[in-house]
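Keep the model open beside you as you read.

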Amino acid sequence: MNTKQDIATLNMDIDKIRSEFPILGRSVHNKPLVYFDNAATTQKPQVVIDALVDYYTNLNSNVHRGVHFLSQQATTAFEEAREKIRKFLNARYNYEIIYTRGCTESINLVAGSWGRANIHAGDEILITALEHHSNIVPWQMLCEEKGAKLKVCPILEDGSLDMAALSQMLTTAVRLVAVTHISNTLGTINPVKEITRMAHEKGIVVLIDGAQALSHMKVDVQDIGCDFYAFSGHKVYGPMGIGGLYGREEVLNAMPPYQGGGEMIRSVTFEKTIYNELPFKFEAGTPNVGDAIGFGVALDYISNIGLDQIAAREHELLAYATERFKGDPLIRIIGNAPEKASLISFMIDKIHPYDAGTIIDQFGIAVRTGTHCTQPLMDSLGIPGTIRASFAFYNTREEIDKLMEAISKVEELFL
Ligand code: 7TS
């Protein structure tokens with residue numbers, strides 16, 4: 001199969017799309033770059049790069065502070081981007097979207113604000129064996145501070161969540177369930193709507209780590225029904241250093257501020273400070289205006305392509321890669337959940353992932369090797385790490401064929 005056939009199966013002009021991502025045209029080790037590290041960060045289309053240049057060329061000024069023209073224009077663009085995020089996630093109100101540096105900061109915001117106010121000694125927080133360190137460590141820190149307990153829901157052999165165990169673990173002591181929407185290491189898509197329903201039946205608050213989900217599937221926070229949804233712009237074709245937290249209005253309103261400073265206040269005296277309304281209560285200091293605008297442009301870009309189109313293409317790439325991998329008896333795929341996003345973690349016989357990654361890199365192919373910030377998951381699987389190829393809609397079957405060639409070379413050298 002070649003890219004032309006890809007175009008025929010889906011209504012997507014892949015050559016045109018690839019030309020819109022300038023970095024995909026570069027070479028690495030004198031070979032055309034094959035970028036399969038999309039779960040770590042996605043590449044940026046020219047429109048996003050242009051938006052950043054335009055912001056600093058024509059618009060740069062601080063927001064929500066000045067009556068002058070530039071400040072008002074920057075504020076409008078910054079708030080328009082918030083509205084784009086609201087629409088993308090189908091949140092009810094734009095003030096339910098809090099800008100942060102990214103998913104990690106969003107989870108820390110919830111742990112530091114909601115967690116400090118609501119978690120007490122003897123309480124329990126339930127996470128899963130699939131979590132990224134970002135959705136483990138903030139809860140560990142909170143539990144340590146409060147004398148609370150962190151519980152971990154196990155996974156089944158195929159990498160899907162053990163839902164029977166989860167149901168049993170939702171005891172009366174649990175105050176919060178924090179679960180990833182999609183595993184960055186195994187690709188497992190968790191049934192977050194079902195988990196939210198089960199938790200809410202018991203009055204338990206739910207946070208979803210959406211870092212991996214926004215780029216692959218339509219996310220509707222009202223349909224899921226969760227209390228919090230954390231995400232990063234750079235994993236959805238937007239800039240680094242910007243992301244957000246969706247929180248339900250009632251929950252956010254009841255939370256104390258996360259950081260103190262300018263912007264998050266209504267009035268300050270040395271005796272008392274009155275906090276600002278949502279979302280500003282949680283946005284202390286000068287925000288990342290240019291990147292927020294770029295994030296909005298990235299969401300427009302993928303919305304124009306269509307999330308259904310993107311999901312279909314990525315599904316096709318995943319199916320093709322899985323088929324190719326299964327044809328090699330030395331490859332072991334780690335994670336075979338029935339609901340899986342477009343990434344494959346694998347091992348090549350007993351070859352250490354770092355050794356394999358180094359050779360694959362020589363082919364100009366970017367794959368991730370190691371524990372993928374999910375060390376406890378690797379420990380529970382009893383492996384030192386994996387090689388991970390994560391696909392975006394701009395990838396092609398030809399690129400997967402090149403990866404297979406590189407894997408053959410690894411096998412030739414090490415076995
Ligand atoms: N949660 C999940 C599921 C992730 O995959 C990541 C980043 C994060 C949280 C943290 O996101 P950040 O934008 O705040 O850093 N995952 C990866 C990865 O798989 N390889 O590099 C980063």
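## Two domains

Domain bounds here come from an automatic or database domain assignment. This is a predicted model, and its chain is divided into domain 1 (3–32 + 306–414) and domain 2 (49–303). The centres of domain 1 and domain 2, taken over C-alpha atoms, are separated by 29 Å. Where they meet, domain 1 supplies 34 residues to the contact and domain 2 supplies 29 residues.

The size of an interface is often given as the accessible area lost when the parts come together. Between them, domain 1 and domain 2 bury about 2400 Å², with 62% of it on carbon and sulfur atoms. On the domain 1 side, the residues that lose the most area to domain 2 are Leu307, Cys373 and Leu377, together 24% of what that side buries.

Another open sheet has seven strands in the order 4-10-9-8-7-5-6, and its pairing is mixed. Strand 4 (97–100) and strand 6 (149–153) are the edge strands, each pairing on one side only. Here the neighbouring strands are turned by 20° against each other on average, direction ignored.

Strand 7 (residues 174–180) pairs with strand 8 (residues 205–209) in the parallel sense over five bridges, and Val179 has Ile208 of strand 8 as its bridge partner. Strand 8 and strand 9 are also joined in the parallel sense, over three bridges, and Ile208 has Tyr229 as its partner in strand 9. Strand 9 and strand 10 (residues 243–247) then pair in the antiparallel sense over five bridges, with Tyr246 of strand 10 as the bridge partner of Tyr229.

## A closer look at strand 9

How many of the five residues of strand 9 are buried? In strand 9 (residues 228–232), five of its five residues are buried. In a regular strand the side chains alternate between the two faces of the sheet. Phe228, Ala230 and Ser232 are buried on one side of strand 9, and Tyr229 and Phe231 are buried on the other, so both faces are covered.

Tyr229 deserves a look of its own. Not counting residues up to four places away in sequence, Tyr229 touches His181, Ile208, Gly210, Ala213, Leu214, Val219, Val221, Ile224, Gly244, Leu245 and Tyr246.

## Nonpolar cores

Which residues touch the most other members of the largest nonpolar core? Of its 77 residues, these are Leu89, Val177, Tyr229, Ile302, Phe393 and Tyr394. Helix 11 (residues 289–305) gives the largest share of this core, 10 residues. The core lies between domain 1 (3–32 + 306–414) and domain 2 (49–303), because both give residues to it. Apart from it lies another core of 28 residues, among them Leu109, Ala111, Ala148 and Leu278.

## Ala199 in helix 8

Our last stop is Ala199, which sits in helix 8 (residues 192–201). Is Ala199 buried or exposed? Ala199 counts as buried because its relative accessibility is 0%, where the cut-off for buried is under 20%. Not counting residues up to four places away in sequence, Ala199 touches Leu170, Val177, Ile204 and Val206. Ala199 and Gly210 are 11 residues apart in sequence, and their C-alpha atoms are 18 Å apart in space.

Conventions
Residues numbered from 1 in each chain as written. Predicted model: local features only at pLDDT ≥ 70, side-chain atom pairs only at ≥ 80, totals over all residues. Heavy atoms only, no water. Core = buried A, V, L, I, M, F, W, Y, C linked by side-chain atoms within 4.5 Å. Buried < 20%, exposed > 50% of the residue type's maximum accessible area, 1.4 Å probe, protein only. Helix = DSSP H or I, 4+ residues; strand = E, 2+ residues; numbered from the N terminus. Contact = heavy atoms within 4.5 Å. Buried area = accessible area lost by both parts, 1.4 Å probe. Pairing = 2+ DSSP bridges. Axes fitted to C-alpha atoms, helices over the stretch in contact; angles between N-to-C directions.
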